[in-house]
Amino acid sequence: MSEQMKAICLHDYGGSEKLVLETIPRPVPTANEVLIRVHFAGVNPIDWKIRAGLLKNYMPVQLPFIPGIDVSGTVAGVGSEVKNLEKGQPVFGIAKGAYAEYALALATDLSVKPDNLSFELAATLPVGALTGWKAVEDAGIKSGQTVVVLSAAGGVGLFAVQFTRAKGARVIGTASSANLEFVKSLGAEAVDYTKGPLETEIKDADVVIDTVGGDALEQAYGLLEKGGVLVTVAGQISEEKAKERGLRAMRSGRGPTENLKMIGELVAAKTLHAEVGKIFPLAKAGAAQDLSQTRHGRGRILLRVQP
């Protein structure tokens, strides 16, 4: 195995042109880590937010930095304390620096990929499905409630819709006109957010799950009935606004990686739907992040690293 690899490196905060394909030393796993030969890497909004420097004040990274969290690939090596995985196994999960030919991950953050689950679909799951699941659990959704999912066609939203439906709740998903039918196929009613203020279409919801942040989160307060619940995975809650409207509001994050096995099996069995967005070659990581930054995608954008 070569001791060198190609990777996308970020040396300075800024635009997508700051992402440079370089040849660098291949990482070596520590005792509890796994070295993954990356097949696909997911492109998440947090990747371009880090690149742009939007998170540097409270989530700084050490530069140069290799982006990428979602990964699918093959185990290329294991640390001395890793007992549950071995070289050659197909895996997916949460990695460090997945925009590269090889990436490291904690053994506990990976799951063996089911045989009938493609590497492409597997790479869409970790951040999106775990975050969608956690948001639904944090909201305490019950059967019969009306739940609004903002950006329901996105990499997190599509899973939040399905997990909410599994609770027996009515789901209203917001999307652009191009994605309305897709959102309906997930079991939700669909509202086109480009047609005007959401409050004209949605009122007195029990729960809103925000996967976008920004202006969408600002609108979310007005969609809920008094006593409703607002959960965001992408922005900062205004305690003042929540109190004024009599709402319970919270920030949610990624769910435990121990759920990856269950999620992979559900997708492999076609009980849970996953969606591959546009696929870019590793060298086009900047273009992939530019597309992610438009916030108009469906499913998870991927980088193809290995054939």
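1. Charges first. The chain carries 34 positive and 33 negative side chains, and the centres of the two sets sit 2 Å apart. Here Lys and Arg count as positive, Asp and Glu as negative, while His and the chain ends are left out. Each charge is placed at NZ of Lys, CZ of Arg, CG of Asp or CD of Glu.

2. A word on the model: it is predicted, with local features needing pLDDT of at least 70 and side-chain atom pairs counting only at pLDDT 80 or more, whereas totals for chains, interfaces and linings use all residues. Residues are numbered from 1 along each chain as its sequence is written, and side-chain values use heavy atoms, leaving out hydrogens and water.

3. Overall build. You'll find nine helices and 15 strands in the chain; these are DSSP runs numbered from the N terminus (helices H or I, at least four residues; strands E, at least two). The radius of gyration is 19 Å, close to the 19 Å from the globule rule for 307 residues, so the chain is as compact as a globular protein of that length. That radius is taken over C-alpha atoms, and the rule is 2.2 Å times the number of residues to the power 0.38.

4. Inside and between. Of the 307 residues, 55% are buried (under 20% relative accessible area; exposed is over 50%, partly exposed in between, with a 1.4 Å probe and protein chains only). Among contacts (heavy atoms within 4.5 Å) with a separation of 6 or more, 63% join residues 24 or more positions apart.

5. Helix α4, residues 157-166, is mostly covered, with eight of its 10 residues buried. The buried ones are G157, L158, F159, A160, V161, Q162, F163 and T164. Their cover includes helices α3 and α5 along with strands β8, β9 and β11. After α4 comes G168, with a positive phi near 90°.

6. L125 lies in the loop between α2 and α3. Why is L125 counted as buried? Because its relative accessibility is 0%. Leaving aside residues up to four places away in sequence, L125 touches F92, L117, L130, F159, I263, G264, V267 and A274. F159, in that list, is one of the buried residues of α4.

7. E225 makes a second stop, in strand β12 (residues 224-232). E225 counts as partly exposed because its relative accessibility is 30%. Beyond residues up to four places away in sequence, E225 touches D204, A205, D206 and L247. E225 and R245 are 20 residues apart in sequence, with 8.3 Å between their C-alpha atoms.
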